[in-house]
Structures are given as C-alpha cells and as structure tokens.
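Please consult the sequence and the structure alongside the text.

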Amino acid sequence: MKVNGDFMNYEDKIKEFLKNNHGYISTSELLGLGVNKPMIKKYVDNGLIRKVSHGLYIGSNLLSDDEYIFQRRYPEAIFSYNTALYFLNLSNRAPHKIEITLSNKKRIYCDYEVHYVSDKYYDIGIIEIESIFGNPIKVYNAERSICDMLRNGEFELELQNTILRNYFRSKEKDLDKLLEYAKIFKIYDKVNTLVEYEMG
C-alpha cells in the first residue's frame with residue numbers, strides 16, 4: 001500500500017509542478033521531487049507525462065511547443081534573423097528554416113540554420129517573448145534583428161522593405177536603440193539614412 005500511496009503522492013507533486021512550469025518537467029526536476037527513474041517510466045506508461053526531448057517531459061494533455069523545447073535543451077540558442085522578425089510580427093513570411101544565433105564558442109548540432117557571433121555581439125538585444133503556445137522563448141529584439149538583416153545581405157528586397165515598413169509604423173520602435181546598435185555593428189550611415197527617410 002505504501003508504494004501505491006507514494007505513487008499517487010508523487011503524481012500530485014508532478015501535476016503541481018507541471019501547472020507552475022508551463023506544463024514541462026525535466027528528468028532532473030522529477031528526481032528533485034523524489035521520483036526515481038523506474039517511476040518516471042510508470043508515469044509515462046500511465047499517461048501522466050510524455051517524453052518530448054532528451055530528458056524533458058510534458059503533460060500528456062498538452063501540445064508540444066518545438067521552439068520552447070529547443071531552448072530548454074539549448075538555452076544559449078537565441079532565435080534570430082527572419083525567425084525573430086516573424087515572431088515579432090515584423091515579417092509576414094514564415095521562415096522556411098528556423099534561424100538561431102550562438103556565441104562562436106558554442107557548438108550544437110540541429111536542423112536549424114545556425115549563425116555564430118563573437119561574445120561581444122552575442123548578448124546585444126536579447127529579449128524574452130511568448131511563443132504561440134504562451135511559453136517564454138528568447139529572441140533578438142526588433143532593432144538587433146533589423147541590424148542583422150541589413151548586415152546579412154541575403155534578405156529579398158521585397159521582404160526587407162516589408163519588415164522596415166512594419167517597424168517604422170510600429171508604436172514599439174526604438175530609433176535611439178536602432179541607431180545605437182547600428183554604430184556597434186558598423187552600419188550607422190546606412191541605418192541613419194533609412195531613419196531620416198522614413199521619419200521625414
């Protein structure tokens with residue numbers, strides 16, 4: 001009876017943890033609740049949780065959030081370029097391939113397009129937004145993403161113009177920050193010309 005009682009007691013603990021943590025729980029967090037690995041398998045088998053990535057589980061009644069799961073596995077990966085612009089509602093084109101940025105001291109292997117930058121550029125403009133499932137994910141802000149776009153040179157002109165138009169119409173734009181970043185990334189003249197033209 002004690003085993004069954006413990007099993008139900010842990011089940012309540014897991015449910016409470018899932019409720020307070022976006023519906024996700026890692027192996028180390030389960031172990032921290034006192035749940036051993038054989039019991040984890042039992043909770044998967046009885047449908048309380050399901051495995052969505054190495055060492056990460058989700059409440060079985062929830063849909064998987066790929067972006068959130070990815071950042072749980074690789075917290076140093078920041079969504080960037082057109083992916084960030086799309087998540088920020090500045091691009092109207094869903095990325096055909098998710099793009100992330102990492103410090104060039106890090107290496108990961110994934111199906112995403114990875115950009116590497118030096119440490120002095122990595123931290124600039126990181127913000128946290130909600131994914132479409134309401135989970136926290138890290139992206140570069142609009143100003144950093146626009147600088148990356150203008151430096152990259154691979155964005156189609158039509159898409160670039162749409163992004164810039166949406167940005168300059170946005171109430172949330174921060175032109176001082178955009179120009180500050182432009183100096184850091186050595187594209188100040190280009191960005192300043194755009195700002196003067198768009199803002200008249």
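How are α7 and α8 oriented to each other, roughly parallel or roughly antiparallel? The axes of helix α7 (residues 142-152) and helix α8 (residues 157-169) cross at roughly 155° and come within 11 Å; α7 and α8 are therefore roughly antiparallel to each other. Angles under 35 degrees count as roughly parallel, over 145 as roughly antiparallel, 65 to 115 as roughly perpendicular and the rest as oblique.

The model is predicted: local features need pLDDT of at least 70, side-chain atom pairs count only at pLDDT 80 or more, and totals for chains, interfaces and linings use all residues. Residues are numbered from 1 along each chain as its sequence is written, and side-chain values use heavy atoms, with hydrogens and water left out. Helices (H or I, at least four residues) and strands (E, at least two) are DSSP runs, numbered from the N terminus. Axes are lines fitted to C-alpha atoms, for helices over the stretch in contact, and angles run from 0 to 180 degrees between N-to-C directions.

**Helix packing around α7**

The crossing of α7 and α8 is left-handed, a term for a near helix turned anticlockwise from the far one by less than a right angle, with right-handed used if clockwise. On the α7 side, the contact (heavy atoms within 4.5 Å) is made by Ala142, Glu143, Ile146, Met149 and Leu150, and on the α8 side by Gln160, Ile163, Leu164 and Tyr167. These residues divide into 7 nonpolar, 1 polar and 1 charged. Here Ala, Val, Leu, Ile, Met, Phe, Trp, Tyr, Cys and Pro count as nonpolar, Asp, Glu, Lys and Arg as charged, and the others, Gly among them, as polar.

Helix α7 also meets helix α9 (residues 175-184), where the axes come within 9 Å and cross at roughly 40°. That angle makes α7 oblique to α9, and the crossing is right-handed. Glu143, Arg144, Ile146 and Cys147 of α7 make this contact with Lys177, Leu178, Tyr181 and Ala182 of α9. By class, the residues of the contact are 5 nonpolar, no polar and 3 charged.

**The sheet**

An open sheet of 3 strands has the order β1-β3-β2, with antiparallel pairing. β1 and β2 stand at the edges, each with a single partner strand, so one side of each is left without a neighbour in the sheet. Neighbouring strands are turned by 35° against each other on average, direction ignored. Two strands pair if DSSP finds at least two bridges between them. Strand β1 (residues 24-26) and strand β3 (residues 56-59) pair over 3 bridges, while strand β2 (residues 49-53) and β3 pair over 4 bridges.

Tyrosine 57 of β3 is the bridge partner of isoleucine 25 and also of lysine 51. Isoleucine 58 of β3 is the bridge partner of arginine 50. In the hairpin of β2 and β3, which has 2 residues between the strands, glycine 55 takes a positive phi near 75°. Helix α4 (residues 66-73) lies across β1, β2 and β3, and runs at about 25° to β1.

**Loop residues**

Most residues other than glycine have a negative phi, and most peptide bonds are trans. Histidine 22 is placed in the loop between α1 (2-20) and β1. Asparagine 89 is in the loop between α5 and β5, and histidine 96 lies in the loop between α5 (81-87) and β5 (99-103). Histidine 96 is 44 residues from valine 52 in sequence and 22 Å from valine 52 in space, C-alpha to C-alpha.

The table lists relative accessible areas; buried means under 20%, exposed over 50%, and partly exposed in between (1.4 Å probe, protein chains only).

| Residue | Relative accessible area | Class |
|---|---|---|
| Histidine 22 | 39% | partly exposed |
| Asparagine 89 | 65% | exposed |
| Histidine 96 | 81% | exposed |
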